[in-house]
Amino acid sequence: METKKVWFVTGASKGLGFELVKKLLSDGFKVAATSRTVESLTDAFGEKSDQFLPLNMSITDNNDVKTALDKTVEHFGKVDVIVNNAGYGQLGTLEELSDAEARANFDVNVFGTLNVIRNAMPYLREQKSGNIFNISSVGGYYGGFPGWGVYCSTKFAVAGFTEALAEEAKDFGINATVVYPGYFRTDFLTKDSVRTPENSIEAYEAARNSEKAHLDEINGNQPNDPVKAADVLIQISKEENPPVHLLLGVGAPEFLNKKIEAITKDAKNWEDLSLSTGI
């Protein structure tokens, strides 16, 4: 008989995290779910039980994250799968976003994820098993989206440190996977979820068009189902040799191909000059 794993999911009150927790509970898994308010979790999934542990957690507070993981292990006796889903989209060109806006996006998307990894690893190392899913984005390997530079750079960072984590953790029987979702039909692009620049510069026509397209046209018409994404993550967690890189969703491979083509073209066109540096 299969032993059900204990999952720890951040950003569980909406989006992919919400659908994942809903699916996990329906499939009989034990789940610790975090959000900024417990009420948002209990309203959605019910009160604390032997199967479910709702936790309010500030992902940017390392001590708060440590406490949440400690409570999870105290409640369930262990933790097996970590899903770093908490994060938000930040629109704005590099010039128009303030230092505070850029740092805030990095604090949540990058340093918040690192807080979870830092505090989860001691438990996973001790039991010599576990899975860590770090949710990046198609914008985490292809950054050619005007007005999304800071957000994409946070997701590039997530991809980069997940690659390193996969090497650091494998000797302990722990698997790390960076997930690159394409466009999923969640509330990620709603005006209440994605942040726009406080001081926009209208001269950036391409960025404004991208902003309008994402908020008014793509939002609500995304081609992928987050419930099916939850099924994929559950399946990957059961694999003996899960991937380090997981492209998720219809359309995601197209961005991978764009990146490969762009790098290959530049490398070939400038190969002679690049290799001229040899001694």
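The structure is a predicted model, in which local features need pLDDT of at least 70 and side-chain atom pairs count only at pLDDT 80 or more, whereas totals for chains, interfaces and linings use all residues. Residues are numbered from 1 along each chain as its sequence is written, and side-chain values use heavy atoms, with hydrogens and water left out.

The contact (heavy atoms within 4.5 Å) joins N62, V65, K66, L69, D70 and V73 of helix 3 to N115, V116, R118, N119, A120 and Y123 of helix 4.

Helix 4 (residues 99-127) also packs with helix 5 (residues 149-169), the axes coming within 9 Å and crossing at roughly 15°. The two helices are therefore roughly parallel to each other, a term applied to angles under 35 degrees. Helix 4 contributes to this contact through residues including F106, L114 and M121, and helix 5 through residues including Y151, F161 and L165.

The second largest pocket holds about 190 Å³ of space. A pocket is an open set of points on a 1 Å grid over the protein atoms alone, where a 1.4 Å probe fits and protein lies on both sides within 12 Å along at least five of seven lines, and lining residues have an atom within 4 Å of a point. Helix 3 gives the most to this lining, with six residues, and strand 3 (52-56) supplies at least two; among the lining residues are K48, L55, D64 and H75.

Key:
Grid points are joined across faces, edges and corners, and a volume is the space filled by probe spheres set on the points. Helices (H or I, at least four residues) and strands (E, at least two) are DSSP runs, numbered from the N terminus. Axes are lines fitted to C-alpha atoms, for helices over the stretch in contact, and angles run from 0 to 180 degrees between N-to-C directions. Angles under 35 degrees count as roughly parallel, over 145 as roughly antiparallel, 65 to 115 as roughly perpendicular and the rest as oblique.
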